[in-house]
Amino acid sequence: MPMAPPVLSDCRKKFINVLPEQQLGEEHSSLESFRKAVEIVPRKRKEFSLIVVTNGNRILLGLKHRGFGKGMYNSFGGKLEQGEDSVVAACRELHEETGICVTMKHMTESKIGILHFTFDDDPTEMCVHLFRVNIYCNDHVTVETASSSEQIVVDPLTIRGCDEITPEWIENFFHIPLHNMFADDSIWLTYLLASEKKVCLDGWFHFLEGGQEVNTIRHHFVDIKTDTNSESPQSQTMTLEKRLFHRLHSKNIVSPSPKEFNEAWAFANVVKKSLPCKDLDCVIDVAGGHGALAAILLITTAATRAVVVDPAQVGRDSVRRAWADFFPEKELRYRHECLRSGLPAELESALKTTSCDRILVVACHACQHLSDETVKLSCKFGVHA
Ligand SMILES: Nc1[nH]c(=O)nc2c1ncn2[C@H]1C[C@H](O)[C@@H](COP(=O)(O)OP(=O)(O)OP(=O)(O)O)O1
């Protein structure tokens with residue numbers, strides 16, 4: 001039996017900046033019921049194109065400097081000019097605002113629906129043609145995943161803004177600044193990004209008086225069609241492992257080396273398989289050097305803090321700086337001290353705020369006596385090792 005698609009509200013729960021439910025208005029189960037509740041029949045119509053740009057699990061958003069939505073983040077786009085259809089306008093606006101060139105053929109295939117906006121105090125309906133473009137970045141590792149000519153390959157160095165808008169990569173869908181975006185994005189964009197299947201949608205949003213300034217929806221209805229046979233674009237692109245590797249590579253970071261990165265990634269996966277990671281709070285990486293293992297565990301588990309205990313200063317904090325946006329609001333610290341004094345001190349401090357079953361001590365190295373000592377100390381404190 002095919003799986004039921006996720007409901008809108010379930011999807012937005014995954015996002016940390018989602019707007020409060022009272023700002024999102026009443027959800028309707030049909031267009032009929034939405035129209036009945038709204039009552040107003042718009043007399044005029046303005047058409048726009050809007051292009052959501054992603055690269056794997058990253059999204060490119062624009063900070064608007066003027067015009068509609070000034071000071072807020074949004075996807076790219078604008079009004080249809082005279083004689084243009086939505087595809088032509090989408091290609092033009094995307095290029096004007098980001099420098100990204102997409103062919104008409106690609107843009108036509110990228111159309112995923114329409115958003116309709118009406119307002120209590122304005123007789124004009126905004127009709128926004130929606131596109132979703134998943135690009136491949138033409139640098140280092142990504143090229144290898146972009147082998148098909150059907151894919152949109154972009155050199156990241158060519159992405160630039162204009163006086164109207166500044167593009168910015170948000171490294172993790174779930175951290176997009178929804179609190180500083182149009183309220184409807186908390187409804188349809190979250191669905192689009194959270195869905196593992198390809199999605200087409202028609203959204204109907206009726207805003208309270210004051211429209212943009214008030215940014216509060218009174219009623220909405222979103223008609224969703226999910227293509228259960230095809231994966232969403234982000235599932236087809238880069239894995240997290242590749243993106244982390246890629247980031248080190250693009251910043252010319254030599255510690256960890258590619259071999260050390262692979263080892264840390266593999267080791268983290270082994271550890272996660274043998275642990276109830278959903279309750280994890282604190283990771284202590286003993287003799288962790290550059291800290292890649294600690295950082296990978298921070299990124300891929302529920303842990304909120306990690307500390308690397310190592311007397312040597314390896315990599316000059318480069319891992320933390322390179323990956324900081326993969327673990328926002330989490331803490332990665334380095335303690336330059338030997339295992340014998342550093343580990344008990346960290347364990348004692350961690351146990352003041354969390355229970356022993358939520359602490360994990362890891363050590364990924366070949367030195368047997370160091371491993372033995374790590375295990376012995378961890379057992380003494382009753383934590384996972
Ligand atoms: N509630 C909403 N949610 C959303 O996600 N995007 C919206 C939206 N309301 C409008 N948009 C999009 C549609 C369009 O792509 C963009 C607004 O475009 P603009 O008004 O900036 O048009 P132009 O770039 O043509 O402007 P000018 O060049 O200043 O005339 O914002």
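Biologist: Is Phe221 buried or exposed, and what is its relative accessible area?
Modeller: This is a predicted model, in which local features need pLDDT of at least 70 and side-chain atom pairs count only at pLDDT 80 or more, while totals for chains, interfaces and linings use all residues. Residues are numbered from 1 along each chain as its sequence is written, and side-chain values use heavy atoms, with hydrogens and water left out. Buried means under 20% relative accessible area, exposed over 50% and partly exposed in between, using a 1.4 Å probe and protein chains only. Phe221 therefore counts as buried, its relative accessible area being 9%.

Biologist: Which residues does Phe221 touch, not counting residues up to four places away in sequence?
Modeller: Phe221 lies in strand β11, where helices (H or I, at least four residues) and strands (E, at least two) are DSSP runs numbered from the N terminus. With contact meaning heavy atoms within 4.5 Å, Phe221 touches His28, Ser29, Ser30, Leu31, Phe34, Asp202, Gly203 and Trp204.

Biologist: How far apart in space are Phe221 and Asp202, C-alpha to C-alpha?
Modeller: Asp202 is one of the residues that Phe221 touches. The two are 19 residues apart in sequence, and the C-alpha to C-alpha distance in space is 8.4 Å.

Biologist: How are α10 and α11 oriented to each other, roughly parallel or roughly antiparallel?
Modeller: Axes are lines fitted to C-alpha atoms, for helices over the stretch in contact, and angles run from 0 to 180 degrees between N-to-C directions. Helix α10 (residues 240-250) and helix α11 (residues 258-273) pack with axes 11 Å apart and at an angle of about 150 degrees. Angles under 35 degrees count as roughly parallel, over 145 as roughly antiparallel, 65 to 115 as roughly perpendicular and the rest as oblique. The orientation of α10 and α11 is therefore roughly antiparallel.

Biologist: What is the angle at which α11 and α12 pack?
Modeller: Phe261, Ala264, Trp265, Phe267, Ala268 and Lys272 in α11 meet Ala292, Leu293, Ile296, Leu297 and Thr300 in α12. The two helices are oblique to each other, with axes 9 Å apart and a packing angle of about 50 degrees.

Biologist: How many residues of α12 are buried?
Modeller: Helix α12 spans residues 292-300 and is mostly covered. Its buried residues include Ala292, Leu293, Ile296 and Leu297, and the count is 8 of 9.

Biologist: At roughly what angle do the axes of α14 and α15 cross?
Modeller: Among the residues that meet are Leu343 and Leu347 in α14, together with Leu370 and Leu377 in α15. The two helices are roughly parallel to each other. The axes of helix α14 (residues 339-351) and helix α15 (residues 368-381) come within 11 Å and cross at roughly 30 degrees.

Biologist: Which peptide bond is cis, with omega near 10 degrees?
Modeller: The place to look is the loop between α10 and α11, where Pro256 lies. The cis bond runs from Ser255 to Pro256.

Biologist: What is the relative accessibility of Ala287?
Modeller: Ala287 is in the loop between β12 (282-286) and α12, and has a positive phi of about 50 degrees although it is not a glycine. Ala287 counts as partly exposed because its relative accessibility is 28%.

Biologist: What is the relative accessibility of Glu329?
Modeller: Glu329, in the loop between α13 (318-323) and β14 (331-335), also has a positive phi, near 65 degrees, without being a glycine. Glu329 counts as exposed because its relative accessibility is 71%.
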